[in-house]
Amino acid sequence: MSSPKKPNLVSVTTINDDGSRYFLHPADVTGFWTRVRRLFGFFLILVYIAVPWIPINGYPAVFLDIEQRRFHLFGLTLVPQDLWVMFFTVTGMGFALFFVTSLLGRVWCGWSCPYTVFLDHVYRRIERWIDGDAIARRQLTAAPWTAGKIFKRVVKQLLYVVIAALIAHVFLSYFVSLPRLYRFMQEGPLQHAMAFGIIVSLTLTLWFCFGYFREQFCIIMCPYGRLQSALTDDDTLNVGYDETRGEPRGVPGRTTGDCIDCHRCIQVCPTSIDIRNGLQLECIGCTACIDACDDIMTKVGRPKGLIRYDSKNGFESRPRRYLRPRIYAYSVLAVLGLVALIVVASMRMRPFAATLSRVGVSGFASDAEAVSNIYLLRVQNKRNQEATISIRLADDSPAGYQLSGGNQTFSVGPLGELTVNCVVLAPLASYKGSSEIALQVHAEPGNVTLRKATRFLGPNPKAIKPPPP
Ligand code: SF4
Ligand code: SF4
């Protein structure tokens, strides 16, 4: 069995000179950061799985109902008219992520990204249970195909597929809800070929990614991984190596630096980089090298923290600056998104909304009997239940004016919208010229009344000839 490949700064460790894949077997590590990160990972997995089960206002806590074009988010329902809010919310979340990255480096990748969470805390764990530690795994890979090796490989891959299928089902439940997903499963794949196709293709993709592709996704595919370099600076906290303290590296007792060049930090690294070469694109900030090095420092009787979270300025003994212009800028932009979300949430608390606009270029029409104005009334039902909308002319409108067709009543579906042309007539005998009128919109359930005032336009009353007797 050959020894693990040594990282260099010329090429990625996982790519051999001939372009083939070099498969990594990161060593196990224990320590403070590993424990905290594992607990956080399990908590996140619980959240991912639990969210579609938690009902709020009759819908799952997060239900992205693409078919009905409604997004239910923790009791708030967004419809296509709320696209502007989605824009601010999504960009606000994006800037919040920028803010965190500028402050704490690749904390998203190492701690919260679902890909890392499932790879590190589920798939690598299964692999350790079945194949053993890094040395045993490397030996098993190099060993000939015996019955024992085939058995281990089959069991491992079966577990990989089953878990990939479970994740695919949880993922789909965010878009179709659990009761519907359960119905799909009962009715069978032929009845729901599209959903079945999504599950199968997602399961295969996840199986490929977690079972084989692994760290390659972070190293060569993830766009956010590339973007993050532009978000960090010399004051960003990253996992790094204290070169001043560690160098010159070498055998304990014979050198002045604390690094004993044991390569333990490389062995535990899931992307197999040498953090002593400085911050690199492949580092996902998983903290494994911190725990590995702290363990070595304890064993050789030196202080922990040779590899630690610190900024470039911190490592080089310059003053650390946490608050800086880019932090302010990202905070403001993230807060804008939050404000947009609060605004729409408070608007959505109102059960109905109505707008009234004039139809036609001239604004009015007149004949020998009456002057008429046409308006377009839109009523939005913001509730998840059917509503009855009644429309009439407000009592304080000029006497004699009428709503053509009399008072009107309509039904509007949950989160639906009513659009109706309202014709207001002023018989010539009652016509007083241009004046204020109002439409009254009453909505049930909830006994909500909205008043929409507007102007009734018409010709100069003196210019109107009275109708012949
Ligand atoms: S684990 Fe620590 S002591 Fe060992 S090589 Fe890495 S930095 Fe040096
Ligand atoms: S260098 Fe350290 S923090 Fe970065 S990926 Fe490797 S082990 Fe994780």
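**A close look at helix α7**

Reply: In this predicted model, helix α7 covers residues 178-187, and its buried residues are Leu178, Leu181 and Phe184. If you look down the axis of α7, these buried residues fall within an arc of 115°, so they line one face of the helix. Now turn to the other side of α7: there Pro179, Tyr182 and Gln186 are exposed.

What do the buried residues of α7 pack against? They pack against two helices, α6 (147-176) and α8 (193-213). Just after α7 comes glycine 188, with a positive phi of about 95°.

Serine 173 is part of helix α6. Is serine 173 buried or exposed? Its relative accessibility is 1%, and buried means under 20%, so serine 173 counts as buried. Leaving aside residues up to four places away in sequence, serine 173 touches Pro52, Leu178 and Leu181. Leu178 and Leu181 are also among the buried residues of α7.

The helices α6 and α8 lead us to a pocket. Each of them supplies at least two residues of the lining of the largest pocket, and so do α1 (32-50), β3, α2 (83-104), α3 (107-112) and α4 (114-131). The volume of this largest pocket is about 1,500 Å³. Its lining has 41 residues, and those nearest the centre are Tyr48, Trp108, Pro114, Phe171 and Tyr174. If you wonder how empty space can be found at all, rolling a probe the size of a water molecule over the atoms shows where it is left.

Strand β4 (residues 70-73) pairs with β5 over 3 bridges, and histidine 72 stands opposite threonine 77 in β5. As background, strands of a sheet pair through backbone hydrogen bonds, either parallel or antiparallel.

Most residues other than glycine have a negative phi, and most peptide bonds are trans. Arginine 214 is not a glycine, yet its phi is positive, at about 45°. You will find arginine 214 in the loop between α8 and α9 (215-221). With a relative accessible area of 1%, arginine 214 is buried. Histidine 263 also has a positive phi, near 70°, and sits in the loop between α11 and α12. Histidine 263 is partly exposed, with a relative accessible area of 22%.

That loop between α11 (243-246) and α12 (264-267) also holds proline 248. Glutamate 247 and proline 248 are joined by a cis peptide bond, with omega at about -5°. Another cis bond runs from glutamate 444 to proline 445, where omega is near 5°. Proline 445 lies in the loop between β15 and β16.

Those two strands take us to an open sheet of 4 strands, whose order is β13-β11-β15-β16 and whose pairing is antiparallel. Here the edge strands are β13 (408-412) and β16 (448-456), each pairing on one side only. The twist in this sheet averages 25° from one strand to the next. Inside the sheet, 6 bridges join β11 (residues 387-393) to β15 (residues 435-444). As an example of a bridge, arginine 392 has glutamine 440 in β15 as its partner.

Finally, have a look at strand β14 (residues 417-427), which has two faces. Leu418, Val420, Cys422, Val424 and Ala426 make up the covered face, while Glu417, Thr419, Asn421, Val423, Leu425 and Pro427 make up the uncovered one. Which strand does β14 meet through 11 bridges? That is β10 (residues 370-381), which runs antiparallel to β14. One of the pairs is arginine 378 with threonine 419 of β14. Strand β12 (residues 402-403) is joined to β14 as well, by 2 bridges and again antiparallel. In this pairing, glutamine 402 stands opposite leucine 425.

Definitions and conventions: Residues numbered from 1 in each chain as written. Chains lettered and ligands numbered in written order. Predicted model: local features only at pLDDT ≥ 70, side-chain atom pairs only at ≥ 80, totals over all residues. Heavy atoms only, no water. Pairing = 2+ DSSP bridges. Axes fitted to C-alpha atoms, helices over the stretch in contact; angles between N-to-C directions. Buried < 20%, exposed > 50% of the residue type's maximum accessible area, 1.4 Å probe, protein only. Arc of directions from axis to C-beta. Contact = heavy atoms within 4.5 Å. 1 Å grid on protein atoms, 1.4 Å probe; cavity = no way out; pocket = protein on both sides within 12 Å on 5 of 7 lines; lining within 4 Å. Points joined across faces, edges and corners; volume = space filled by probe spheres on them.
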